[in-house]
Amino acid sequence: MGVDVAIAILRVYVWFLVAVMGVYALRHWGFTWNRLAMRQRPYYQDLLDEDLPGVSVVVPMHNEETVVHAVLDALIACDYPRDRFEIIPIDDHSSDDTTTIVGAYSMAYPFVKPAYVLGGERGKPAALDRILPLAAHDIIIVFDADYRPGKGLIRELVMGFVDPEVGAVMGRVIPRNTNENFLTRMQAMERAGGYQVDQQARYNMNLIPQYGGTVGGFRRNVAMELGGFDPQALAEDTDLTIRLALAGWRVGYANRAECYEEAPAQWAVRFRQLRRWSRGHNRALGTYFFGMFRAPALSWQQKIDGVLLLCVYLVPALLFTGFAANALLFFSGQIPVVPLIVFSFFVVSCSAFGNFGPAFQIAAAELLDGARERLLLLPYLFVLFLFNGWAVTAGLMDALGDGFKGRRTMWDRTQKIGTPRGVA
Amino acid sequence: MEATVPNQRVSRQRGVRTAIAPHRSYRTISLDASGAFLTLPVFVIVEVIAVVLAPSAARAMAQFALFSAHLEGIVVRPFGDRFGWIELQPMTFAMHHDDWVGLSLTLVICVLTVALFSFWQQPPMPLRYFINLNALVVGGAALYILFAGHLGYDSAAFSQLMLRTAVLTWLTMPVFIALFAALFPFSWWERLLFIGITVAYDVPLSIVRYAAFVGILARTGPALMPDLYLLFGPLLDAIPIITFFSVFLVRAAHRLDRNVGVWAWM
């Protein structure tokens, strides 16, 4: 009797998972259709004669001696009016030459105003939280240290703030080391699907595009009014996106504002990065899940999108439990065939599901990008399923552990290789 | 502003190229719903063909497995199984059965494999995880057999499951492929070929795989059964969908590149 009940529960659970996967698949199918075929919503960068507001460009750094030159050189070369512009490299507990390099830049360029965080907590959210009150301008644009902003990028991003309803803006991230190895190629594809299709479609559909913590910006006063940054948050970007949405602010997405990053080229580095994202994102899920339903400022479409966005790092763990349920059902001779087939198709075709998007979404992005040779790599996305899934599940476990044990989190910086100065 | 193909032709005749391909961030494809709706009749055609040919394909699957089992000297006994409108021909086959020593040994090997690939960092992580997942499923099955005495499927039930899964896969697959195809600028015959070829490819895959599974299980025993079914069953069927999809997409991408007028500004 007990075994029969357990089997019935497992079968219902497998069907439930198929329904969850179906909802996500439909969501992403809709995004892809919207991006390929529907009228697109332009960003604000064509408003070139608008009076530009003052902007503080913040670059959090921790032991970034290999990449600091590149990002600062790129920012210095940007075309934003110097009288309305400052660069704040935040030297966050660095023990290498970052401090010296940043100091040298500040001597040479008066608008480079470094901030040194020597005590207290380490990590991007903590550093941002401490620096916000010191910034000279209300518009804050953030770059990670391994990014290479183009000449007009700041101007393009900032234009979004001419809309008084926009609380944050986000640009597009593209790996610059795409051809380094298999892993970086796969990340480039995931990134393309996530930005070229997913973010743009959410922007088109007036849903909730995500502020991604870099190549983006926000209004300082709004962020401070909403409580600043929680030093314990590992996904301060998701945290801010959801808080802005709940408070009725919009996030603008600038697909044209492209910026190049260094994608992790080693599996272990990528694993840690995904794990940290998942940990932070799932903490945000725990914090904001119910609030999302109650938010009066959001339409029902935005609420649904917000909930699905919050749950996105839960999906790989659900898939693993679904696999375990199928294995148990097989052991007992009770496997339901149709859900297993559907489940398997989802696993293969939507293997990048947990983070960025299913195969057809990535295909659409590569098609729009004109990267046709890379389309042949689509089947290999399946290789990432176990890897992504396990990294994201490990992050979920961490988040659960944090919640139950009241554990304090430690910011884990993604290791960067960089390139010597003068080598583009 | 949307460039049109006739305008482009006139421009070319005058030696002027007015249709400038937009930057990738501004691109959309001049898709309309008719392309997506075109997928529906194509899907119906393939689905009807699948329904009509499924009995023959299932028969071929059973016959090939019987043939290869005879070649390998495996004792088999076919029996009839009515599945909807299809008369399947599953079979019982002689399967190696481990005693508790053999099962314990399997379990130990699986545990050691998991330990090895958890600590040995040299192979790429996806490969290590894939090997570990296989070891976990095989070890789990060995443990289950050790305690429960047998799995829920014997050779006859497994054979029946494989045949039914194959038939259901052939019938389910076009739905997924059609959803993929509906999104992209394929011509009607590309849609037909994409959906048709993927299903057609899956038939020989199912036939060969079923015979291989029978051969493997006859020699190794039921502890491998869940692993074969869960990781090399329907999961493997789904991979050709993406593979053929990518090949057809490259074709579509070439066409889009050649015809700048197809790109629409946002």
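Which residues are buried in helix α2 (residues 68-76) of chain A? They are V68(A), A70(A), V71(A), L72(A) and L75(A), where a residue counts as buried if 20 or more other C-beta atoms, placed from the backbone, lie within 10 Å of its own. The cover over these buried residues of α2(A) includes β1 (55-61), β2 (85-92), α3 (98-108) and β5 (148-149) of chain A. Helices (H or I, at least four residues) and strands (E, at least two) are DSSP runs, numbered from the N terminus.

This is a predicted model, in which local features need pLDDT of at least 70 and side-chain atom pairs count only at pLDDT 80 or more, while totals for chains, interfaces and linings use all residues. Residues are numbered from 1 along each chain as its sequence is written, and chains are lettered from A and ligands numbered from 1 in the order in which they are written.

**Domains**

In chain A, 23 residues of domain 1 are in contact with 17 residues of domain 2, two residues being in contact if their C-beta atoms, placed from the backbone, lie within 7 Å. On the side of domain 1 of chain A that touches domain 2 of chain A, α1 (2-37), α10 (300-310) and α13 (359-369) each supply at least two residues, and the largest share, 7 residues, comes from α13(A). By class, that side of domain 1 of chain A has 14 nonpolar, 5 polar and 4 charged residues; here Ala, Val, Leu, Ile, Met, Phe, Trp, Tyr, Cys and Pro count as nonpolar, Asp, Glu, Lys and Arg as charged, and the others, Gly among them, as polar.

The axes of α1(A) and helix α6 (residues 182-204) of chain A come within 8 Å and cross at roughly 80°, with axes fitted as lines to C-alpha atoms, for helices over the stretch in contact, and angles running from 0 to 180 degrees between N-to-C directions. The two helices α1(A) and α6(A) are therefore roughly perpendicular to each other, a term that covers angles of 65 to 115 degrees. In this contact F31(A), T32(A), N34(A) and R35(A) of α1(A) meet V197(A), D198(A), Q200(A), A201(A) and N204(A) of α6(A), and the residues divide into 3 nonpolar, 4 polar and 2 charged.

In chain B, 9 residues of domain 1 are in contact with 10 residues of domain 2, and the side of domain 1 of chain B that touches domain 2 of chain B has 7 nonpolar, 1 polar and 1 charged residues.

Chain B has 8 helices and 6 strands, and its C-alpha trace spans about 85 × 50 × 30 Å along the principal axes. Of its 266 residues, 41% count as buried.

The contact between the chains takes 50 residues from chain B and 47 residues from chain A. On the side of chain B that touches chain A, the elements giving two or more residues include α4 (125-148), α5 (155-182) and α8 (234-258) of chain B, and α8(B) provides the largest share, 15 residues. The residues of this side of chain B divide into 35 nonpolar, 11 polar and 4 charged.

Conventions
Parallel < 35°, antiparallel > 145°, perpendicular 65-115°, else oblique. Buried ≥ 20, exposed ≤ 12 C-beta atoms within 10 Å, placed from the backbone.
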